[in-house]
Amino acid sequence: MRERFLTGYNDFVLPFVCGMLFVIIYCLAGMIRIIMQLPVQDRKKFFLSLITPKTLIKDIKDIFLKCLIHVDLWKRNKLLGYMHSSIAFGWFMLIVVGHIEVILYTSNLGAKALYYPIFFRYFVAETESTMRGSLIFFLMDFFLLVVLSGIVLAIIKRVRSRLFGMRRTTNPSFLDLVGLYSLWSIFPLRLLAESFTADISGGSFLTKSLNYVFTEFLSNHANMLPAWWAYSCALGIFFFVLPFTRYMHIPTEILLIPLRNAGIRIVNARKGLAKAQVYACPSCGVCIDACPMGVQKGNIKDTTVYLNRQIKRNNETRIEEISDKCLLCGKCTAVCPVGVEGDKLRIAQRSIRKYSYSPDYSNIDVAAEINACNNFVSGDNNNVSSIENKKVLYFAGCMTALTPAIRKTTVSILSKAGISYSMMDKDGGICCGRPIFMAGRFDQAKQLVEKNTEIIMNSGADILLLTCPICYKIFREKYTLPGIEIIHHTEFIERLISSGRIKISKDTTRYVFHDPCELGRGCGVYEQPRKVLASAGNLVEAAKNRQESICCGGSLGSLTLGFDKRRAMTENALANLVSDDPDRIVTACPLCLDTFARYSDRPVEDISQVIDRVSVPADKKRNDN
Amino acid sequence: MDFGFRISPSSAVNLDNVDLEKFEELHRIEPDVYKCMACGSCSATCPAARFSGMSLRKVILALQRGKEKEALAMMKNCMLCGKCTMVCPRGINTRHLILSICRIYKEETK
């Protein structure tokens, strides 16, 4: 290989070089800002994670799999996955192979190193002995073809997004469109530019063939320079608009992954991790289809992708509107390919509201509550009490108080199993704190947590049983109860059945299980309720279940959605549940139960109601036989 | 002299002496506040009633009559649990109403 020009410079490299330097400086400054905005202990945690081999390896693996290969999108839809990984991985490989070329064939580059890997074909000509380069020529053309196929798919996606498994896509902003069109034009222009020089600098199946086919046009070297200028300009425009478009997600995600792996949580609503998440949002719109509010068209602009856009624009009115409306079901977080936590981001926005009046619970006297819950009833099933008998404290919670059937049947199951239990809030208790936490009033929630902790720690219980997933989530996340096991009744019933403390008579009823948001996505409990139901009858699945289960619409998360506006969401969730025509709908959350029961065409039950109906104490059955 | 009973003081509210500016502001944000028919479902279910005598029905009435102090005293232990929203027969979004009250009204510090 030999250099074509003595200077190794042409003016057309300027748009690219300026754009690239701008982007690199902008991203470095942004990265330093975000790291500086982290609270001190988080920052320490982050730096520590970077020098710990285990997290470092995980960081590198995640960056490779998520940023380049886009594994999450592959799992969602093959075509969508291919489109993204072909552009990202293909472009990455073009850059890598470009650098390899430069290292192999040139020396003493100096400032030329900035643009040689990109415009190598223009500056370096082919000589007699190019066999060594032919593999590289082939690779360059191959990856260019890969990227081009991705671009073609991207163009198709703009017209027919359903082919890619997406019903709705994001409405791009003006700058997004500028970025989009410049990104689309980069690679066809590269192909054109390299085809012009294919007879001078060599090429492979793509560029060389093109040069032969259109020899009239492409071997006229007077046209060469405009093509290279256009290629460089497209790159320059893309880099210059990148920080202000959705393509900012490319550099930000590389920062977000190590931050997440370091175990950092959102503290400030706009700074640090929250900022990284907002800028890591690629505006892909996967969350739009996922959002349970999407059944009403008016709510589409209130999905997480638009929240991120408004936070970038500092549009306070819209930020408040969007964050207050959300049901906090967490589905957008579950499906997000880059890991933007839509629910936590919104709670953080709520937490910066200014209130002139704040509730205060210091007057609540816990002594009376402790007394009330400290009388354990021993179960009437004496034959099984030989099994290690732990004291269970049953906290029904506010919502269960409105669905007394759950409380009654749970207590009945406890006594059938011969458990010694006590009710913590028989005559009304203190709220677990989750609802006020979701409203963003953390200080109040903390007070409630402290009050409840005091009661529970003084009750003498070994196990805290909850029938409400809303309570369950905050008990697991914000309470520290040393020596006490926190358990949801789905898990507890599963344990009772598998340890043989209650016997189930199975019938042929078809049950479908609705995963409550806070239990499934919130706490990761999916298997136990299914196991329980499978032992009681035939378990069928909803069209969308587990991680993708649809919120019932009754959530306490939403502050502004009125009663009438939720109906469509509930009906949509019900339609999803009955897709396999079950006899009964079963859930494990008092709020879901109450909401579904309003509009359902078939019986809706809590899992405790089902089990209480079909179970008998283990030994009783033995006696009957 | 204590007879074990007495004439209760007048509970009449002179609305001319009451500054309802804040209530009007509340009504602008929460038009539903006039939807309340004072059925008391919210009060019956409220877990904070045991502690601070919270009753949203009474809070709305008190605010309408300019008795902010009494209203806010009741609100002291509201835990925003949302039971009132679930039982309200008029479909009032009581949680948002309570949050709006917290935004508009201020506790007088004396």
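Two residues count as in contact if their C-beta atoms, placed from the backbone, lie within 7 Å. The model toured here is predicted: local features need pLDDT of at least 70 and side-chain atom pairs count only at pLDDT 80 or more, while totals for chains, interfaces and linings use all residues. Residues are numbered from 1 along each chain as its sequence is written, with chains lettered from A and ligands numbered from 1 in the order in which they are written.

Select chains A and B together. Their contact takes 25 residues from chain A and 26 residues from chain B. On chain B, colour α3 (49-52), α5 (68-75), α6 (83-87) and α7 (94-104); each supplies at least two residues of the side that touches chain A. Helices here are DSSP runs of H or I, at least four residues, numbered from the N terminus. The largest share of that side, five residues, comes from α7(B).

An automatic or database domain assignment divides chain A into domain 1 (2-28 + 43-252), domain 2 (268-351), domain 3 (366-495) and domain 4 (497-617). The C-alpha centres of domains 1 and 4 of chain A lie 49 Å apart.

Finally, select residues 304-313 and 316-325 of chain A, which form helices α16 and α17. Their axes (lines fitted to C-alpha atoms over the stretch in contact, with angles from 0 to 180 degrees between N-to-C directions) come within 9 Å and cross at roughly 155°. α16(A) is therefore roughly antiparallel to α17(A) (angles over 145 degrees). Show the side chains of the contact: A:Y306, A:L307, A:Q310 and A:I311 from α16(A), and A:R318, A:I319, A:I322 and A:S323 from α17(A).

Key
Angles under 35 degrees count as roughly parallel, over 145 as roughly antiparallel, 65 to 115 as roughly perpendicular and the rest as oblique.
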